[in-house]
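User: I'm new to this one. Could you walk me through how to read its surface and its pockets?

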Amino acid sequence: MLKEFKDFAMKGNLVDIAVGFVMGAAFNKVVASFTGGIVSPLIGLIFNADFKDLKYIVKEGAMNDAGEKVGEVAVLYGDFLTNVIDFIIVAFVMFMIVKGVNKMKKKEEAAPEAPAGPSQEELLSEIRDLLKK
C-alpha cells in the first residue's frame with residue numbers, strides 16, 4: 001500500500017499540479033499586493049476615497065461605549081472590485097503563460113514531413129499496368 005501511494009504521489013502530472021498550485025498561490029499574493037498597493041490607490045483617486053473602503057451603507061450602525069460603530073449593514077463593493085481586478089490580472093498572466101507554452105510545444109512537435117513517394121494516380125497507373133500483363 002505504501003508503494004502504491006509513493007507511485008501515485010510521484011506521478012509526473014500530480015507533482016506538476018502541486019508545483020503549479022504553490023506557484024499560483026504565491027503569484028496571487030504578488031498580484032493582491034500590486035492591486036492593493038498600486039492599482040487601488042490610483043483608482044481611488046477617481047472616487048476621492050480608498051478603493052477598498054468603498055461601500056454602500058444599507059443600514060447605519062450605532063456607536064457603542066468604546067466609540068466603535070456596531071450593527072452597520074453595508075455592501076462592500078470596493079473590496080469586490082479589487083478582487084475582480086486581481087482575478088483579471090491573474091487570468092491574463094495565466095493565459096499568456098499557457099499561450100507561450102503551447103507555442104513552444106508546437107515548435108518541438110514539428111514532425112518531419114512524410115517521405116515523398118508516388119502519387120495516388122501513379123500507383124493506380126502502376127497497378128493497372130501490372131493487371132494488364
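Analyst: Let's begin with how elements get their names: helices and strands are DSSP runs, numbered from the N terminus. Keep in mind that this is a predicted model. As a case, V73 is found in strand β4.

User: Is V73 buried, exposed or partly exposed, and why?

Analyst: The general idea is that buried means under 20% relative accessible area and exposed means over 50%, with partly exposed in between. V73 has 41% relative accessibility, so V73 counts as partly exposed.

User: Now the pockets. How much space lies in the largest pocket, and what lines it?

Analyst: Rolling a probe the size of a water molecule over the atoms shows where empty space is left. In this model, the largest pocket holds about 270 Å³ of space. Its lining is G20, M23, G24, F27, V93, M94, I97, V98, V101, N102 and K105. The elements giving two or more residues to that lining are α2 (12-47) and α3. The largest share, 7 residues, comes from α3.

User: What kinds of residues are in the lining of the largest pocket?

Analyst: That lining has 7 nonpolar residues, 3 polar and 1 charged.

Notes:
Residues are numbered from 1 along each chain as its sequence is written. This is a predicted model: local features need pLDDT of at least 70, side-chain atom pairs count only at pLDDT 80 or more; totals for chains, interfaces and linings use all residues. Side-chain values use heavy atoms; hydrogens and water are left out. Helices (H or I, at least four residues) and strands (E, at least two) are DSSP runs, numbered from the N terminus. Buried means under 20% relative accessible area, exposed over 50%, partly exposed in between (1.4 Å probe, protein chains only). On a 1 Å grid over the protein atoms alone, a cavity is a set of points where a 1.4 Å probe fits but cannot get out, and a pocket is an open set with protein on both sides within 12 Å along at least five of seven lines; lining residues have an atom within 4 Å of a point. Grid points are joined across faces, edges and corners, and a volume is the space filled by probe spheres set on the points. Ala, Val, Leu, Ile, Met, Phe, Trp, Tyr, Cys and Pro count as nonpolar, Asp, Glu, Lys and Arg as charged, and the others, Gly among them, as polar.
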